[in-house]
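Subject: Structure handover

Hi,

Here is the structure I promised to pass on. My notes on it follow below.

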Amino acid sequence: MPSIKFETGHQDTVHDVAMDYYGKRIATASSDNSVKIIGVGNNTHQHLATLSGHQGPVWEVTWAHPKFGSLLASCSYDGRVIIWKEGNIGDWTADHVFEEHKSSVNSIAWAPHELGLCLACGSSDGNISVVTARADGGWDTSKIDQAHPVGVTSVSWAPSTAPGALVGLGLLDPVQKLCSGGCDNTVKVWKLYNGVWKMDCFPALQMHTDWVRDVAWAPNLGLPKSTIASASEDGKVIIWTVAKEGDQWEGRVLNDFKSPVWSVDWSLTGNILAVADGNNNVTLWEEAADGVWKQVKAIEP
């Protein structure tokens, strides 16, 4: 697909961009306190909607799986998380507003759709909240108090199937885990035990020397290990792996980018990692047979 460059219509910095499941619409989050929906295709774009409801910069947006309808979540410096719902085409309303957090909500992530309509939210107040939709239209909230006491910067869900599980069979006993990064320079792994979230890695994963800005748990598609990528203001991306439940996570530096690394994201197959750094570079990395990660492409701006 050829690249398309267009004006979003925002009046301030754009912090996040998310494409929907079908690749037909883009949602953007901005410091102008708004979210915009833009239709894309055939080298064209069309502004579809502006969503206003936040009272501070909007940091992230993320689409829910389409099995739940046309839903979009956004989080903001104002401490709110808003679930937006599209009724008629182009007619968006704030379906739910969560105000569980006392300060900026920096990161949100929908769980794998097999786990239901479930959203994890990480905040500068140090807590992670997990909101889950009920059949009656309400929402239940569980919390990880003081997950990173000086602030949570990022959250990411594990795949719903355990490493090495046959696709399909793993859904009989789905995995409910997530990872988080924080201002304490650490990455932590959490697991839901009997309705309570507990830390699932001891000690916390600590190889970074500055704030962890992003974490991304890789899809496994039956692979025999779990993999997490973490990006930090120390300029490094670290690949964390563990072979089986109960083993210790091992970290390996993918690269030192010599500038803050803001974002990491996996391909759908989990074998290619995209990295965005402070030099305005986006690069793609792949693990070679000898376990060494190599850059395979640089994305032209």
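Strand 9, residues 105-110, is mostly covered: six of its six residues are buried. A caution before going further: this is a predicted model. Strand 9 runs antiparallel to strand 10, residues 118-123, and five bridges join the two. Within that pairing, Ser107 sits opposite Gly122 of strand 10.

Strand 10 also pairs with strand 11, residues 128-133. The sense is antiparallel again, over five bridges. Leu119 stands opposite Val131 in strand 11. Strands 10 and 11 make a hairpin, with four residues between them. Look at Gly126 in that turn: its phi is positive, about 95°.

Next comes strand 12, residues 139-144. Strand 11 and strand 12 pair in the antiparallel sense over six bridges. Ile128 has Ile144 of strand 12 as its bridge partner. These two strands form a hairpin as well, with five residues between the strands. Here Gly137 takes the positive phi, near 95°.

Strand 7, residues 81-86, pairs with strand 8 over six bridges, in the antiparallel sense.

Another open sheet of four strands has the order 21-22-23-24. Its pairing is antiparallel. Strand 21 and strand 24 (293-299) are the edge strands, and each pairs on one side only. Neighbouring strands in this sheet are turned by 25° against each other on average, direction ignored. Strand 22 and strand 23, residues 282-287, run antiparallel and are joined by five bridges. Ile272 stands opposite Glu286 in strand 23.

The loop between strand 21 (261-266) and strand 22 (272-277) holds Ser267. Is Ser267 buried or partly exposed? Ser267 counts as partly exposed, because its relative accessibility is 21% and buried means under 20%. Ser267 is 48 residues from Pro219 in sequence. In space, the two are 8.1 Å apart, C-alpha to C-alpha.

Val196 lies in strand 16, residues 196-199. Its relative accessible area is 44%, so Val196 is partly exposed. Val196 and Ser142 are 54 residues apart in sequence. Their C-alpha atoms are 7.7 Å apart in space.

Cysteines

How many disulfides does the structure hold? The count is zero. The cut-off for a disulfide is within 2.5 Å. Cys179 is in no disulfide either. Its nearest cysteine sulfur belongs to Cys201, 9.4 Å away. Cys75 is buried, with a relative accessible area of 0%. Cys179 also counts as buried, at 0% relative accessibility.

One for your grid tools: the second largest pocket. About 500 Å³ of space lies in it. Its lining is made up of 28 residues. Which of them are closest to the centre of this pocket? They are Lys177, Lys191, Asp200, Glu245 and Gly246. The lining as a whole divides into 15 nonpolar, six polar and seven charged residues.

Best wishes

Definitions and conventions
Residues are numbered from 1 along each chain as its sequence is written. This is a predicted model: local features need pLDDT of at least 70, side-chain atom pairs count only at pLDDT 80 or more; totals for chains, interfaces and linings use all residues. Side-chain values use heavy atoms; hydrogens and water are left out. Buried means under 20% relative accessible area, exposed over 50%, partly exposed in between (1.4 Å probe, protein chains only). Two strands pair if DSSP finds at least two bridges between them. On a 1 Å grid over the protein atoms alone, a cavity is a set of points where a 1.4 Å probe fits but cannot get out, and a pocket is an open set with protein on both sides within 12 Å along at least five of seven lines; lining residues have an atom within 4 Å of a point. Grid points are joined across faces, edges and corners, and a volume is the space filled by probe spheres set on the points. Ala, Val, Leu, Ile, Met, Phe, Trp, Tyr, Cys and Pro count as nonpolar, Asp, Glu, Lys and Arg as charged, and the others, Gly among them, as polar. Axes are lines fitted to C-alpha atoms, for helices over the stretch in contact, and angles run from 0 to 180 degrees between N-to-C directions.
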